[in-house]
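Please read the points below alongside the coordinates. They are meant as a colleague's note on one chain and its surroundings.

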Amino acid sequence: MTAPTKVAAELTPDGTERQGRKSRPKLGRGPAHEEPWAPYLFISPFFILFAIFGVFTLGYTFWVSLHDWSLLGGMDSFTGIDNYVRLLDDPRFWKATVNTFSILLLSTVPQMIMALILAEILNDRLLKGPHLFRSGLLVPNITSVVAIAIVFQSLFARQNGLINAIIQLLGFEPLNWHAGRLSSHIAIASMVNWQFTGFNTLIFLAAIQAIPLSYYEAAMIDGANRFQRFTRITVPLLRPAILFAVVLSVIGQLQLFAQPLLFGAGAGSTSGGNDNQYLTILLYLYSQAFQQPFRFGYSAAIAWTLVLMSALAAALVFGVNALFDRREDRSEREHRKAMARRREVAR
Amino acid sequence: MRSPTRIVAAFLALAVILAACGSDADDTAGTDDGDNGTDTEASGDPVTLNLWTFGNFGYDELIEEYQDDNPNITIETLSQEFDAHHDALITSLAAGTGGPDIAAAEVAFIGAFTNQADSFLNLLDYGAADIQDDYLDWKWDQATTLDGSATIGLPTDVGGMAICYRMDLFEEAGLPTDRDEVSALWENSWEDYIDVGIQYREATGRAFIDNEGLLYDAVVNQSPDTYYNSDGEYIFEQSEQVAYAWQIVTSAIEAEIDAKTPAWSAEWNAGMNNGDFAVLTCPAWMRGYIEDQAPDTFGDWDVATVPEGGGNWGGSHLVIPAQSEHPQEAYDFMAWILAPEQQLRVFEGTGNFPSTPELYDSPQMREFTSEFLNNAPLGEIYSDNALDVVAQNIGENYNLINQEIGEALNRVSDGLETPDEAWETAMANINRELGL
């Protein structure tokens with residue numbers, strides 16, 4: 001297994017680079033004349049589909065967001081940024097935003113830590129039957145989110161739920177998981193964690209296997225123990241893979257929809273709890289557009305705000321990564337200087 | 001996890017595909033316009049009608065028969081789940097294309113659709129007034145605009161309202177088990193109903209009702225004045241019936257007779273089996289649901305009448321979106337399948353209760369009982385109940401208002417807010433959502 005992270009990260013720049021190179025050797029004006037178009041032709045299906053389903057829909061959604069537009073009644077009038085102004089003043093939207101980011105943190109952070117630890121364990125050569133465990137990790141990932149949500153809904157059920165039964169067994173009061181804001185976020189985050197930890201583990205495992213063994217051997221000679229090797233070699237070298245996994249997770253979690261929808265039992269669950277305890281942005285978007293009062297324009301404004309939030313969140317993750325990079329550069333420079341100094345002294 | 005843009009894209013793609021499919025039919029339909037149904041039959045131009053329903057409407061056999069009698073008509077049915085069906089229908093209405101020729105619209109949506117009558121065929125133009133007397137007045141009015149100028153749907157079934165109760169649990173609590181005696185316990189008022197609940201709880205230590213939301217729905221829908229008055233103005237804040245239902249439900253919560261199992265949840269289904277609650281608000285179609293979810297309770301349930309008279313929960317209409325290419329053929333089929341004779345056959349097949357009162361006196365209905373529900377005379381109970389229902393202006397945003405109030409009651413039940421706080425929050429939320 002090679003590192004899929006690198007492949008994914010470099011795919012686009014790599015592709016464009018290659019076209020550049022191929023179109024360059026225009027020596028004779030012979031049959032090669034028509035060839036420069038070929039690469040564009042080959043990659044065009046993606047761009048055509050992306051233009052229709054990506055660019056056009058984004059633009060159209062933005063246009064809808066500038067109108068007073070009822071899903072049933074159709075377009076009413078151009079209102080400019082009114083929908084966005086209303087959004088700023090909408091307590092439910094802000095509640096949904098806080099919920100979304102809270103669930104994001106509760107799912108991404110434990111998930112990454114767990115995945116790193118699991119990847120380290122799975123990489124151990126003493127582990128028997130590694131393939132069994134590796135494929136086992138993917139089972140939650142290929143399970144339908146609906147099935148997961150229904151199982152978790154009954155695990156966290158108030159009266160007959162397994163988790164409350166355990167809590168009672170330990171002598172505590174059973175918890176009404178749906179009623180509390182934090183408790184509902186923990187319940188929903190646990191579904192996400194269960195589903196995606198294995199996927200991230202495999203990404204990390206692939207990246208770990210790409211780390212040259214000589215690093216570990218050198219560290220062992222220097223007397224580094226297992227924990228030190230993990231924190232000083234594995235984790236720093238996995239940073240690109242972690243960055244990739246975190247960005248994917250953040251973008252995915254900002255669009256959390258099915259889990260909170262199905263966690264809220266019964267009809268009318270699009271409100272995300274009786275006090276919007278676990279209403280997420282996407283759930284709010286859906287309920288505004290497809291339920292009374294069918295505010296299509298307003299929900300388009302929510303969609304565009306969500307796009308901006310996703311971009312900001314991704315930028316934030318990359319920014320943090322750049323900080324790490326800079327710190328690493330600095331320590332490397334200092335290290336080199338120190339080595340040079342030591343050499344001089346020795347001389 | 002899908003991005004919003006991708007969802008929109010998927011719908012657009014669907015719309016494009018369906019539009020492409022639709023345009024073929026366009027050409028053949030052009031010549032039919034203006035012809036009435038019988039002429040088309042004579043000329044024999046093949047016509048395909050798309051029928052969208054949800055759940056189980058029990059039409060399969062009838063459709064076969066209609067196609068045999070009208071060889072030029074082909075009916076393609078698509079039955080989805082409740083939410084998926086209405087989402088798809090609304091999306092096709094919004095797109096102006098890609099919709100069915102005939103669609104089912106549940107009572108939760110009919111108010112919004114009637115307020116958007118332009119998107120549907122006005123059935124009065126096709127002679128629907130001639131068959132108006134076949135149907136329950138209040139049901140007919142649900143799909144008719146306030147000024148009476150347009151009727152967009154013909155009634156399918158009605159829910160009606162009754163109370164299903166567990167005889168075994170009633171007996172355990174020392175309560176009467178005979179259905180007439182049970183009905184008499186609470187016949188006069190919902191307060192008596194709650195008193196029975198308190199007696200039950202004191203005797204058994206268990207909850208009486210399943211959840212506060214369904215109790216609220218049962219009470220509030222007994223009056224014509226709930227959220228809108230007959231002129232279409234909002235009256236939810238002043239409505240006496242809303243206040244009454246609120247008071248009944250909050251007192252039920254205070255009396256601790258509420259099992260707090262949300263409707264349609266796994267806990268609710270489990271509760272039907274293991275006796276977490278002793279009563280259930282029971283429209284006609286609920287029988288099938290109990291049979292599916294709690295088959296082991298065979299013979300344990302019986303049916304009593306609802307306090308304070310009539311009531312309705314659920315039931316649908318069939319509507320024809322204005323974009324249909326074959327309105328006349330669609331109407332002809334719809335009028336046939338919803339005629340009393342056909343409704344009786346649907347009732348016998350699925351238990352969906354007819355919306356045509358002339359059947360209520362028929363022996364088939366009068367004598368209809370259910371073994372599962374201890375041979376309760378369902379035909380009689382629901383017929384009498386359906387005739388008691390009063391017409392109600394459902395209104396464009398019925399669902400929104402009803403849901404906000406339901407959630408407020410749920411907050412009271414969860415102990416998050418006091419009844420007064422919950423009411424204030426609910427009113428503030430509704431007013432903000434409606435932009436009042």
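The numbered points that follow concern a predicted model, and they go from a sheet to the domains and then to a single lysine.

1. The sheet. Chain B contains an open sheet of 6 strands with mixed pairing, and the strand order reads β2-β1-β3-β8-β4-β9. Its edges are formed by β2 (73-80) and β9 (353-354) of chain B, each of which pairs on one side only. Against this sheet packs helix α14 (residues 327-337) of chain B, which touches β1 (47-54), β2, β3, β4 (153-158) and β8 of chain B, and whose direction makes about 50° with that of β1(B).

2. Strand β8 and its partners. Strand β8 (residues 315-319) of chain B runs antiparallel to strand β3 (residues 102-106) of chain B, and 4 bridges join the two; within this pairing, B:Ala104 stands opposite B:Leu318. β8(B) is also joined by 4 bridges to β4(B), again in antiparallel fashion, with B:Val319 as the bridge partner of B:Gly153.

3. Strand β4. How many of the residues of β4(B) are buried? The count is 6 of the 6, so the strand is largely enclosed by the rest of the structure. Besides its pairing with β8(B), β4(B) is linked to β9(B) by 2 bridges, and these two strands run antiparallel; here B:Asp157 is found opposite B:Pro354.

4. The two domains. The domain assignment divides chain B into domain 1 (4-158 + 314-361) and domain 2 (163-311 + 377-434), and the C-alpha centres of these two domains of chain B lie 31 Å apart. Their contact takes 18 residues from domain 1 of chain B and 20 residues from domain 2 of chain B. On the side of domain 1 of chain B that touches domain 2 of chain B, α5 (107-114) and α6 (137-142) of chain B each supply at least two residues, and the residues of that side divide into 10 nonpolar, 6 polar and 2 charged.

5. B:Lys260. This residue sits in the loop between α11 (240-254) and α12 (266-274) of chain B. Is B:Lys260 buried or exposed? It counts as buried, because it has 22 C-beta neighbours inside 10 Å, where the cut-off for burial is 20 or more. Leaving aside residues up to four places away in sequence, B:Lys260 touches A:Arg158, B:Asn211 and B:Ser413. The C-alpha atoms of B:Lys260 and B:Tyr331 are separated by 44 Å, the two residues being 71 residues apart along the chain.

Key
Residues are numbered from 1 along each chain as its sequence is written. Chains are lettered from A and ligands numbered from 1 in the order in which they are written. This is a predicted model: local features need pLDDT of at least 70, side-chain atom pairs count only at pLDDT 80 or more; totals for chains, interfaces and linings use all residues. Two strands pair if DSSP finds at least two bridges between them. Two residues are in contact if their C-beta atoms, placed from the backbone, lie within 7 Å. Axes are lines fitted to C-alpha atoms, for helices over the stretch in contact, and angles run from 0 to 180 degrees between N-to-C directions. Domain bounds come from an automatic or database domain assignment. Ala, Val, Leu, Ile, Met, Phe, Trp, Tyr, Cys and Pro count as nonpolar, Asp, Glu, Lys and Arg as charged, and the others, Gly among them, as polar. A residue is buried if 20 or more other C-beta atoms lie within 10 Å of its own, exposed if 12 or fewer, and partly exposed in between; C-beta atoms are placed from the backbone.
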